[in-house]
Amino acid sequence: MFSTYLAIGLYFAILLGIGKFSYRKNSNLDEYLLDNRSLNPLMTALSAGASDMSGWMLLGLPGALYLSGICSAWIAVGLSVGAWANYRFLAKRLRIYTEVCGNAITIPDFLENRFKDKSKLLRTISAVFILIFFTLYVSSGIIAGGKTFESFFGLDFAFGALLALVIVVFYTFAGGFKAVCITDAFQGTLMFVVLVAVPLVAWLNLKAPFEFFTTLKSIAPTHLDFFANQSFLSVLGLLAWGFGYFGQPHIIVRFMAIRDARELDSARRIGILWMVLGLLGAIVSGLLGVVFFAENGGALKDAETVFLKLGETLFHPFFVGVIISAVLAAIISTMASQLLVSASSATKDFYFVFFGKELSEKEQVFSGRIAVVVVAVVSTAFAFASSETVLNVVGYAWAGFGAVFGPVLLFSLYSKKMNTLAALVGMVVGGATVIVWIVSGLSSFVYELLPGFLFSAVAIWLVNFFSGEVKDEQIKAEFEKMHERVKLA
C-alpha cells in the first residue's frame, strides 16, 4: 500500500508544483483566463481532451458497458463524431472571430461583441446559464472523486470528495489558465497510458482470452447486442451527445487560446486520435470486467467502479497508484477547466461589467480567484445533497451547455442575418427545454440535449427569418473580415 500512496503523492506534488510555478505568471485577467492565446497544437489537443473527458470516461462509461453492454457504446460514437465536427466546423471560425470582435476571451464576451449588444442582456444571460450548469458539472467531479477514494481506500465519501476538490481549487486558484492547460497535458497523457494498459492486462488475465466474446455471451447474452433494451429514440439520444460539443465553454475556450488558427488542423488530428483510443479503452474495460469478475468472485456492487477494481486486482501497488491518479486526473482536469470558466463568467461577464469597472488588474485577477472558490463551495453542497450517478449529472450539464450555446454559436459563425434577439431567444429556449425535459421525466424517452438543441436552432432560424437583414455596418464588416481570414487559415 505504501507504493500506491507514493504514486498518488507524486501525482499531487506535480499538480501543486505546476500551480505554484504558474502563480506569478498572471499579470492580468486576460493572461489568467486565456494565457494570451499562446497554446501550441499538442497542448490544445491534450488540454481539450482532458478537460472534456471527466470522471465519466473512467467511471461512468465503463460502468455503463459493464451494466448494460455494447448498447451503451452509442454515446461514444456520438461523442467521437461530435468532437471531430467541433474541430472542423466551429474551432477555426471561433478562434478568428473572437479576435476580430474586440479580442473576446469568454463566450459571453464574444456574443456581446459579435452583436454589439449595449443592453448587457446577452452577457448576463450567458453568465447565468454558465454558472447554473457548471455548478452541476463540477459537482459530478466531486461525486467521482469521492467514489474513487471510497472504492480504493475505504475512506469516507465526503473526505475523498473534499480532498480532490482542495487540490483542484489550489492550482486553479493559483495558476489560472496556464496551470490548467499544463496539468491537462500531463493528465491527458496519464489517462491515455492507463486506458491502454488496464484493458490489455485484463484481457491477458482472462482464463480464455481468445474466447472472450463466447464467454461474455454465455454470461450476459445481451451484452453484445447494440440494440438491446434500446428504442430508436434512446439510440438517437445517445448519438445526440455529439451535438453538445458545440456549446461546451470549457472545451471551446481551448480553440480560442491556440496561438494560430492554422494549427487547429494538427490539434484536431491529435485530439481525435487521443479520444477514440481512450474511449475504446474505456468501453473494452467495461466489457472485460463482466467476464473477469464473473471468473474471480462475482459481480460488483457498484458498476461505476469496474475500471478501478480491475486496476486494484491486476496491478502492482505502485501502478495501482498511477491508475488512481489517472482517474483523479480525468476528474480534476475537467473540474479545473470548469471552475476557471465559471470564474471568468462570475467576474468578467458579471461582476466587472456591473460593479468592478474601477478595479486594478491585480484586483481583477484576485476577484477571479475568489470566484473559483465560491463556485467550488456551491458545487460541493450540491454534490453532497445529490444521489445521482456521475454519468447522469454530467449528462444534465452537457445537455444544458449544448442546447444553450451550441446553436447560438453555430448561427453566429455562419449566418449574416443572425441578430441579438435571435441569440437571446435561442439561449433561453435551449436552456428552458433542457430543464423542463429533466424535471418532467421526459429524459426517459430521449436525451434532453436533442430536443433542446433542435428547439433552440428552430427558434433562432424563425427569429432570423422574420427579422430581415442586419443593418449595423460594423457587424457586417467584422463578419466579412472573419470570413476572409478563415479562407486564408
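**Reading the model**

Mentor: Lys116 is partly exposed, with a relative accessible area of 22%. Buried means under 20% relative accessible area, exposed over 50%, and partly exposed in between, with a 1.4 Å probe and protein chains only. This is a predicted model, where local features need pLDDT of at least 70, side-chain atom pairs count only at pLDDT 80 or more, and totals for chains, interfaces and linings use all residues. Residues are numbered from 1 along each chain as its sequence is written, and side-chain values use heavy atoms, with hydrogens and water left out.

Trainee: Where is Lys116 found?

Mentor: Lys116 sits in the loop between α6 (107-115) and α7 (121-153). Helices (H or I, at least four residues) and strands (E, at least two) are DSSP runs, numbered from the N terminus. Lys116 is not a glycine, yet has a positive phi of about 50°. Lys120 lies in the loop between α6 and α7, and has a positive phi of about 70° although it is not a glycine either. Lys120 is partly exposed, at 28% relative accessibility.

Trainee: How many helices and strands does the protein have?

Mentor: There are 19 helices and zero strands. Of the 489 residues, 62% count as buried.

Trainee: Why is helix α11 described as largely enclosed by the rest of the structure?

Mentor: Helix α11 (residues 249-257) is described that way because nine of its nine residues are buried. Among them are His250 and Arg254, along with Ile251 and Phe255.

Trainee: How is the packing of two helices described?

Mentor: Two packed helices are described by the angle between their axes and the distance between the axes. The axes are lines fitted to C-alpha atoms, for helices over the stretch in contact, and angles run from 0 to 180 degrees between N-to-C directions. Here, helix α5 (residues 74-100) packs on α11 at an angle of about 55°, with the axes 8 Å apart. That makes α5 oblique to α11; under 35 degrees counts as roughly parallel, over 145 as roughly antiparallel, 65 to 115 as roughly perpendicular, and the rest as oblique.

Trainee: Which residues make the contact?

Mentor: Contact means heavy atoms within 4.5 Å. The residues of α5 include Tyr87, Leu90 and Arg95, and those of α11 are Ile251, Ile252, Phe255 and Met256.

Trainee: How many disulfides does the structure hold?

Mentor: A disulfide is a pair of cysteine sulfur atoms within 2.5 Å, and the structure holds zero. Cys71 is buried at 4% relative accessible area, and Cys101 is buried at 1%.
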